[in-house]
Amino acid sequence: ATFSISKIQNIAKNFAIEGDIESAKPFGSGHINDTIFIKNAETNSPDYLLQRINHHIFRDVEGVVVNIARVSAHLDHKLNGEFKTENGVERVLTLIPTLKGSLFFKDEDGNFWRMYHFIEDSVSYDLVSSAKQAYEGGEAFGRFQRMLADMDATLLTETLPNFHNIKFRLNNFYQALADDVKGRVKEIPEEIELIKSYEEFMCSLYEMGQAGKLPTRITHNDTKFNNILFDKNDRVICIIDLDTVMPGYVAYDFGDAIRSLVNTAEEDEADISKINVNMSLFKAYTEGYLKEAGNFLTPEEVESLYLAVFLFPYMQGIRFLTDYLQGDTYYKTAYPTHNLVRTRSQFQLFKKLWSHKSEIKSIIEAEQKVASA
Ligand code: ATP
Ligand code: MG
Ligand code: MG
């Protein structure tokens, strides 16, 4: 979506920002919200980032921004104290309230807007090109979890209930299978077979949680690489995109990060022969992650990391397949079988990961030994 400068000006004037707006333009490559960079007319005043929040996905906008503000305040406190880094580049995502003191502004069209400080001189990567970046990324998400490990998870709202709940995703899938509204079930016998044969294994992380073996902590829940801002020396400045920050299991963040990191192909690659697992990126990320998180994780949580590596491509495949069966109502599609292609691509990634399972296990165990030594 594009917005006129006068529209942006009308929105922006409701927030407690300094100076006048020189220009406003669409920014970044996010898929969920509309992001607009606001350049300050005064050179010595800060620039801003305005976002229109996708309230079709985030129904509880208030819950989302309150979660972000609470987490940011906690991180800010940590970074000014025991977690201060030598290089001093680390920053916290900061919401700017409206003049009336609210964390968002609702316009006359029913859209919800929020304002952030723009973090200058930063880059984010859609694709990871080196083990160093993977290591730094693992460290950043591990550190993020570590800084939040002493924060009470019940202070946050579960803004997307059941987001990473495999039982919930399976139930939706079986319902879509039974309904078969588009008559597509006949096209997917192999996918159904795969889903059923790994179901028990895939539910084991959930079962550990139900049995009280995994603490509920504060997790990011969208640990894609482009949600990390780096400086020009590839040092992490800030974890961004806190829309989905809520109570969860640490393994969720690990599994989802690995899913996109190690894949040598795009998420919707149609030629499955191109899909492989980059194990050196896996090792580098795991090393960085456990360096930060290894010391506070319980032995069961470390065990759960292994399960999450396989769970995430499996679960994402199920979500694409469910949408395919339901007639492509959730994910945007570019062609009729797009969701089916995405499903097969995720399942292929899962199979490739599965073929490396003993190596994956020993890397996690070895890095955990190093981290806790
Ligand atoms: P996603 O598809 O990952 O959910 P999104 O639509 O939720 O994305 P964000 O990730 O919040 O959007 O922001 C989009 C992009 O804007 C980021 O990838 C990053 O490049 C940039 N960005 C976000 N917040 C900031 C900030 N405070 N300072 C500088 N750049 C930022
Ligand atoms: Mg993002
Ligand atoms: Mg987002």
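Helices and strands here are DSSP runs numbered from the N terminus, a helix (H or I) having at least four residues and a strand (E) at least two. All views show a predicted model.

**Figure 1. Threonine 94, in the loop between helix 2 and strand 4.** Helix 2 covers residues 61–79, and strand 4 covers residues 95–96. Not counting residues up to four places away in sequence, threonine 94 touches Ser72, Tyr116 and His117. Aspartate 76 is 18 residues from threonine 94 in sequence, and the C-alpha atoms of the two are 9.1 Å apart in space.

**Figure 2. The two domains of the protein chain.** The domain assignment places residues 5–117 in domain 1 and residues 131–372 in domain 2. Taken over C-alpha atoms, the centres of domain 1 and domain 2 are separated by 27 Å. Domain 1 gives 21 residues to the contact, and domain 2 gives 19 residues. On the side of domain 1 that touches domain 2, 11 residues are nonpolar, five are polar and five are charged.

**Figure 3. The shell around ligand 1.** There are 22 residues around ligand 1, and those that come nearest are Gly28, Gly30, His31, Ile119 and Asp241. By type, the shell around ligand 1 has eight nonpolar, 10 polar and four charged residues. Which domains supply residues to the shell around ligand 1? Domain 1 (5–117) and domain 2 (131–372) each supply at least three residues.

**Figure 4. Helix 5, residues 189–202.** Helix 5 has 14 residues. From its first C-alpha to its last, helix 5 reaches 19 Å, close to the 20 Å expected at 1.5 Å a residue. At lysine 196, helix 5 bends by about 25°. Which residues of helix 5 are buried? Glu191, Ile195 and Met202 are buried in helix 5. An α-helix has 3.6 residues a turn, so residues three or four places apart point the same way. The cover over the buried residues of helix 5 includes helix 4 (166–179), helix 9 (299–325) and helix 10 (338–355).

**Figure 5. Aspartate 180 and its positive phi.** Aspartate 180 is not a glycine, yet its phi is positive, at about 40°. This residue sits in the loop between helix 4 and helix 5. Is aspartate 180 buried or exposed? Aspartate 180 counts as exposed because it has 12 C-beta neighbours inside 10 Å, and 12 or fewer is the limit for that class.

**Figure 6. Aspartate 234 and its positive phi.** Aspartate 234 is not a glycine either, and its phi is about 60°. The loop that holds aspartate 234 runs between strand 8 (228–230) and strand 9 (236–239). Aspartate 234 has 15 other C-beta atoms within 10 Å, so it is partly exposed.

**Figure 7. Isoleucine 228, in strand 8.** Isoleucine 228 counts as buried because it has 25 C-beta neighbours inside 10 Å. Residues up to four places away in sequence aside, isoleucine 228 touches Ser124, Gly137, Ala140, Val236 and Ile239. One of these, serine 124, is 104 residues from isoleucine 228 in sequence. In space, isoleucine 228 and serine 124 are 6.0 Å apart, C-alpha to C-alpha.

**Figure 8. Isoleucine 11, in helix 1.** Helix 1 covers residues 5–12. With 20 C-beta neighbours inside 10 Å, isoleucine 11 counts as buried, because the limit for that class is 20 or more. Isoleucine 11 is in contact with Leu50, Phe105, Asp107 and Trp113, leaving aside its neighbours within four places in sequence. Lysine 357 is 346 residues from isoleucine 11 along the chain, and their C-alpha atoms are separated by 51 Å.

**Figure 9. Glutamate 108, in the loop between strand 5 and strand 6.** Strand 5 covers residues 105–106, and strand 6 covers residues 112–117. Glutamate 108 has 6 C-beta neighbours inside 10 Å and so counts as exposed. Glutamate 108 and arginine 217 are 37 Å apart in space, C-alpha to C-alpha, and 109 residues apart in sequence.

Note on methods. Residues numbered from 1 in each chain as written. Chains lettered and ligands numbered in written order. Predicted model: local features only at pLDDT ≥ 70, side-chain atom pairs only at ≥ 80, totals over all residues. Domains from an automatic or database assignment. Contact = placed C-beta atoms within 7 Å. Nonpolar A, V, L, I, M, F, W, Y, C, P; charged D, E, K, R; others polar. Near = placed C-beta within 6 Å. Expected span 1.5 Å × (residues − 1). Bend = angle between axes of the 7 residues up to and from the residue.
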